Every structure is written in structure tokens, then in C-alpha cells.
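Me: I would like to learn how to read the domains, contacts and core of a model. Could we take them in turn?

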Amino acid sequence: MEKENEIVEKLKDFLKENLVNVTIPKKRRIFVYIKKDALEEAMEYLVKDLKFKHLSTITGVDLGKEIEVIYHLSYKGSIMLSARLAVSKKNPNIPTITYIIPGAILYEREVHDLLGVKFEGHPDLSPLILPEKWPKGVYPLRKEHQLKHLKEMTSEKRGERN
Amino acid sequence: MSHGSIIKVPFGPQHPALKEPENFLFEVDGEIVVDVKPRLGYNHRGIEKAFELRTYIQNIYLAERICGICSDAHTTCYTQAIEELLNVEPPPRARYIRVIIAELERIHSHALWVGIAAHEIGFDTLFMYVWRDRETVLDLFEMISGNRIHYAMNTIGGVRRDIHAAMVPKIKKGLDFLEDRLEYYLNVVQTEQTILKRTAGVGVLKPKDAVNLCAVGPTLRASGIKNDVREDDPYAAYDEVPLNVITHEGCDVLSRILVRCEEMLESIKIIRYALDGMPEGIIRVRVPMKVPEGEVVSRVEAPRGELIHYAKSNGTTKPERYKVRSPTLGNIPALCKMLLGGYVADIPIVLAGIDPCFACMDRMAFVDIKKNKEWIWTMQQLRRKYAKK
């Protein structure tokens, strides 16, 4: 746990009040909560200085009024740091991190497709997973969309085409 | 070198070189690929949403069916995530059985891949031989679990079936046969001109690009980067089993073949060790239906690379959110990089080089290339055409 504590201390010194919460639930796992505005500087610090060079994926979670975006980064393939922040559903814009980690390109598109988070500055946010004719503004992983509701919406569309 | 015009060539979802449907759009200048645009999702089944609608027990079966090849990797990742949320430790014997099943799966998955790679370069004899020998592993699976592909071995709190003493000599006999064959294939791969000419220096992924594009698994290790979840973030009984992480410096398709062939031999050693060192005892503990509130990140080294699941529970019998990121998706940006600047003729083998598993990933897109722009059909056009029949 020494390395984990060391990483957390460094992150605290760097981010100061932009770091809202930290937990180390077990060996090789760290969860940090950062303020939305500090995303870019935090990512740059994590990737370039703390050597969290591998982005495993980006998860989006619907919290009701907000959407939580979690960046799962790993240090030498070993320690997983999940950096999270929340954006409001009304204005779900956050800056892209593709210029810091090029490997984020598809993960950001995936979160955009399924939860409607807009990554500002992303080179191409066209649909990645959902079909071309998917209704605009419907993000299937948001909680307000029940499966029944989604099925109705898409079957209607299918009817039109035939 | 430009020939004046750039032609867009769609590749897939239905294409002879792809064993599963996916779509890529290539832009080609003569014989050279100048751009690749993936378009995933042809197989998208909405599994993450489905997870939220089912109980934790039902979700074991769903996780098993994310993929038809690495079904055990997904359930291992799922069950250990839920075990962590429940604060339950699987019994030691179950952890060893998980290792044995995972490594048998790695052999069958890599053997399948070597066959496909051989087929993509037109070396069908090797393809037939490797797949014949792969049957040995599938037969062992049938003996252990009753199934060849969906073994359904994992459950929350342990495993569902034991490996009995009577099975051990049979497994060892199968491994001896496989070891002999795999050593022969390793020799073939390194000496056979048909393979060397088609794979050496093809689909190059430099170590720097591999890291920046977040490649995983054998693709990353074939670019010389030592990275394996089994060693770096041990799960099941991997912290007690000696493990040698295979890397190669070639950064090309040949290195990817070598890494996988040597990994199969390494897996055989791991299984032998685990069979001998397996502690006696129970194989599962009972767990409650309701899972307390919490969240967890679970990782497994699937045959194709790092597999990561994220689970968030809300105190009920169903998860609040379940996220799956399969290794193939992690390798797509790296794949696009490998294809750039290469020949059209090398597309199938480079594509096969990452061992793509589109069922796992689907969330991904490719671009297709055929002769002419007009050949690009949308799904709607296709549907309309087939609806008439």
C-alpha cells in the first residue's frame, strides 16, 4: 500500500482543493473524485508525471441529475486509479483528453453514444456503436430510458423503413 | 507516390476475411492504405443495459455469453467483482480451478487464432492441423464441465464443478500431446518461408504507439512491452503460480504469432503446476442474493488482453451499473495505426493479428473497401433488399 499512499499524497499536493475525495479500498485500487474544471490538469499530471500511461476505459454512470464520468487509468499495468467527476445532464460538456492519451478516442465516443456526454475538442463524435438511424438525443444507458421504451422507439423506426 | 485519386473501400460487416461481422472503411491510394475508419456496433446487443435488468445470479449467464471464445474470462471478471462487493473470498481450491480453466481457455483461444492467422495468409494446411489439435482442449473441457465452449464453471463464491482426481491424468495426457504439437508449430512458424514472407515486418506497431494508443495483451507484448494482468494485478491463484510473461521485440505480425505460441506452452506449465499444487477442500461458498452498496473495478488477463469490468451496486439484487470493456476494443486504435501505410493485401492478416473478437467488443466500427464507392450499402438498403425475399 506504500506506493498507493505515495501516489495519493502527490496528487493531493498537486490538485489541492480540486481533489474532493480519495479512497483506497484495497491493494492496487484507488478511487479519486476531482472537480470538473480540473480534469485536464489532473490528467496531464497523472499521465506525464505520475506515469499512469494506460487508459483502460472510460465509464459513464447515470446518477439521476448528473452523469458521472470515470477514467480508469493504470500505473505500469498494476495500480488502477479511477478518476471521476460529475457533469450535469442539462449541460454535459467536458473537455476531451485525446490529446493527452490518444487511446481515449474510442472510449470517449462510446460514452458519448450511450450517455450523451459531449467531449469538447474530440476529432469525431459521430456514432460509434448505435445504428445510423438511431433517434437523436436518445442515450440508451440513461436511466430514464426503460428497455420497453427503447424497444418501442426503435421498432417504430423499423416500421417506417419497411 | 500518389496515383492521383483516393478510393474508399468498405470492408465488412460481411466479408470473407472476417470471421465475425464488423465494418471498416479504408481509404486507399493505389495499393496503400491511407486512412482507416472503424464503425463498430454491427453486433451491438445492449449487454450493459441488460445487466441492469437482471439479478446478480442471472448476470453470470449473461456474462458467460458476452463472448463465445473467452467466456470464462468474462465470468471470472464478473464473479470476482461481485465477490469483492460482497466481501467474500472464494475457497483456495476454487481459485486454482479458475486458473486451470483460464489457461485451458487461453490455449484453445490462441490455437484458434493461430489457425485463423494461417488461413488469412493462405496456409490452410497449418490451419487444419492446429484446429485438429485444438480439439484436445475442447474434449478436456467437455470432460470437466460437460460443455466445449460455455463451460459455466464460475459462480459467485467459487466454481460449480470440481476437477476430480480421476480427471488429472487425462488432462496431463492431453497437455503432453499438445506440448509436443505446439513445439512443432513454433518451429514451423520460425522457419517456414510462407509464414515469414507474409508476416515479418507487416503491421508494425512501435512500442511508443502501443503505449499511447493503450494497446493490450499479446498485441502489446509483441511490441516488447512487458504487461500482463496475471503478473501485475494477480487474481484467482496467480499470485501463487509461477508465471513467465512472454514478450517479443519485432512489433510485427510474426511477433504476435510467436508471443501467442509461446504463451500456449507457458499455459501448459501453469496448468501442470496448478494441478499438482491444487489444495483440497470445498469449491464454493454460499452468498446472499442482495449485494451491499459499493463499486469495484475488476480485471482479468483474457486471451486477447486486459479485460476490465466496473460494477456499481445499490443494495438490491440487481446492479446499478455494469460496464464491460473487452480487449478487442482496447486494440482498435492500435489496429488502425498498424494498417496505415500498409498494403491492401495485408489487411486481413494485420486485422487478424490483434485476434479481434467482435462479439465481445461490439461497440466498434470498421470501414469497408471494395471496388467502388457505390458498393457501400447502408444497413437500411440491405434490410430492404432482404425483406423483399
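**Domains, interface and core**

Reply: Chain A is split into domain 1 (2–128) and domain 2 (130–162), with bounds from an automatic or database domain assignment. This is a predicted model, in which local features need pLDDT of at least 70, side-chain atom pairs count only at pLDDT 80 or more, and totals for chains, interfaces and linings use all residues. Residues are numbered from 1 along each chain as its sequence is written, while chains are lettered from A and ligands numbered from 1 in the order in which they are written.

Me: How many residues of domain 1 of chain A are in contact with domain 2 of chain A?

Reply: Two residues are in contact if their C-beta atoms, placed from the backbone, lie within 7 Å. Here 7 residues of domain 1 of chain A contact 8 residues of domain 2 of chain A. The centres of these two domains, taken over C-alpha atoms, are 29 Å apart.

Me: How many residues does each chain give to the contact between chain A and chain B?

Reply: Chain A contributes 33 residues and chain B 35 residues. On the side of chain A that touches chain B, β3(A) gives the most, 6 residues; strands are DSSP runs of E, at least two residues, and helices runs of H or I, at least four, numbered from the N terminus.

Me: Which residues have the most contacts inside the largest nonpolar core?

Reply: A nonpolar core is a set of buried Ala, Val, Leu, Ile, Met, Phe, Trp, Tyr and Cys residues joined through C-beta atoms within 7 Å; buried means 20 or more other C-beta atoms within 10 Å of the residue's own. The largest one has 148 residues, and Leu81(A), Val99(B), Ile100(B), Val114(B) and Ala274(B) have the most contacts inside it. Helix α4 (residues 92–120) of chain B gives the most to this core, 14 residues.

Methods: Buried ≥ 20, exposed ≤ 12 C-beta atoms within 10 Å, placed from the backbone.
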